[in-house]
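Welcome, and please load the model in your viewer. We will walk through it stop by stop, selecting a few residues at a time.

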Amino acid sequence: MHLAWLGLLAAAALSLVADLGAARDRQDKAALQGIVASLSEAARKSPNVAAAQYRLALAQSALAEVSLELGDKAGAGEAAETGIRAAERAVALQGTSAEN
């Protein structure tokens with residue numbers, strides 16, 4: 001049962017990552033914040049899954065990019081710092097993989 005739950009979380013996270021590029025291209029900060037919130041929750045529930053941390057890092061990066069483009073330097077900095085921490089966790093968990 002636990003594996004089925006993880007599978008559902010992974011599928012939902014992959015769907016959010018697919019939406020990430022579209023939201024970034026539209027500079028839809030609210031949509032990006034929603035994606036970040038969902039991926040943050042998934043990463044919190046799976047703290048030892050490198051892929052979850054990596055997806056969160058990607059989302060935070062997109063949010064930082066759009067925030068900066070929209071003139072929100074403080075928001076961009078916060079998103080970037082949070083994304084860096086998620087990326088560091090992903091590397092610590094699975095540093096030998098070239099996939100993430």
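The tour below starts with the whole chain and then moves to single helices, residues and pairs.

**Before you start**

This is a predicted model, in which local features need pLDDT of at least 70, side-chain atom pairs count only at pLDDT 80 or more, and totals for chains, interfaces and linings use all residues. Residues are numbered from 1 along each chain as its sequence is written, and side-chain values use heavy atoms, with hydrogens and water left out.

**Stop 1: the whole chain**

Show the protein as a cartoon. Its secondary structure comes to four helices and zero strands, and from the N terminus on the elements run α-α-α-α. Helices (H or I, at least four residues) and strands (E, at least two) are DSSP runs, numbered from the N terminus.

Of the 100 residues in the protein, 30% are buried. Here, buried means under 20% relative accessible area, exposed means over 50%, and partly exposed is in between (1.4 Å probe, protein chains only).

Next, think about contacts, meaning heavy atoms within 4.5 Å. Among contacts between residues at least 6 apart in sequence, 56% join residues at least 24 apart.

**Stop 2: the nonpolar core**

Select L20, L32, I35, L39, L56 and A59. In the largest nonpolar core, which has 18 residues, these are the ones with the most contacts inside it. A nonpolar core is a set of buried Ala, Val, Leu, Ile, Met, Phe, Trp, Tyr and Cys residues joined through side-chain atoms within 4.5 Å. Which helix gives the most to this core? That is α3, with eight residues, while α1, α2, α3 and α4 each supply at least two. In soluble globular proteins, nonpolar side chains tend to be buried together.

Zoom in on L56. Leaving aside its neighbours within four places in sequence, L56 is in contact with V36, L39, S40, A43, A86 and R89.

**Stop 3: Q60 in helix α3**

Is Q60 buried or exposed? This residue of helix α3 is buried, with a relative accessible area of 6%. Beyond its neighbours within four places in sequence, Q60 has contacts with V36, S40, A79, T82 and G83.

**Stop 4**

Select residues 73-94, which form helix α4. This helix has 22 residues and reaches 31 Å from its first C-alpha to its last, close to the 32 Å expected at 1.5 Å a residue; the expected span is 1.5 Å times one less than the number of residues.

Colour A76, A79, G83, A86 and A90, the buried residues of α4. They cover an arc of only 100 degrees around the axis, so they sit on the same side of α4. The arc is that of the directions from the helix axis to the C-beta atoms. These buried residues pack against α3 (50-69).

**Stop 5: the loop between α1 and α2**

Select Q27, found in the loop between α1 (2-26) and α2. Q27 has a positive phi of about 55 degrees although it is not a glycine, and at 34% relative accessibility it counts as partly exposed.

**Stop 6: charged pairs**

How many salt bridges does a search of the whole structure find? It finds five, where a salt bridge is a side-chain nitrogen of Lys or Arg within 4 Å of a carboxyl oxygen of Asp or Glu. Side chains of opposite charge can pair when their charged atoms come close.

Begin with D28 and R26, whose side chains meet in a salt bridge (3.3 Å, N to O). D28 is partly exposed at 26%, whereas R26 is exposed at 52%.

Move on to E41 in helix α2 (residues 29-45). E41 forms a salt bridge with R44, the closest N and O atoms being 2.6 Å apart, and another with K45, where that distance is 3.8 Å. Salt bridges that share partners join E41, R44 and K45 into one network. R44 is three residues from E41, about one helical turn, and K45 is four residues from E41, also about one helical turn. An α-helix has 3.6 residues a turn, so residues three or four places apart point the same way.
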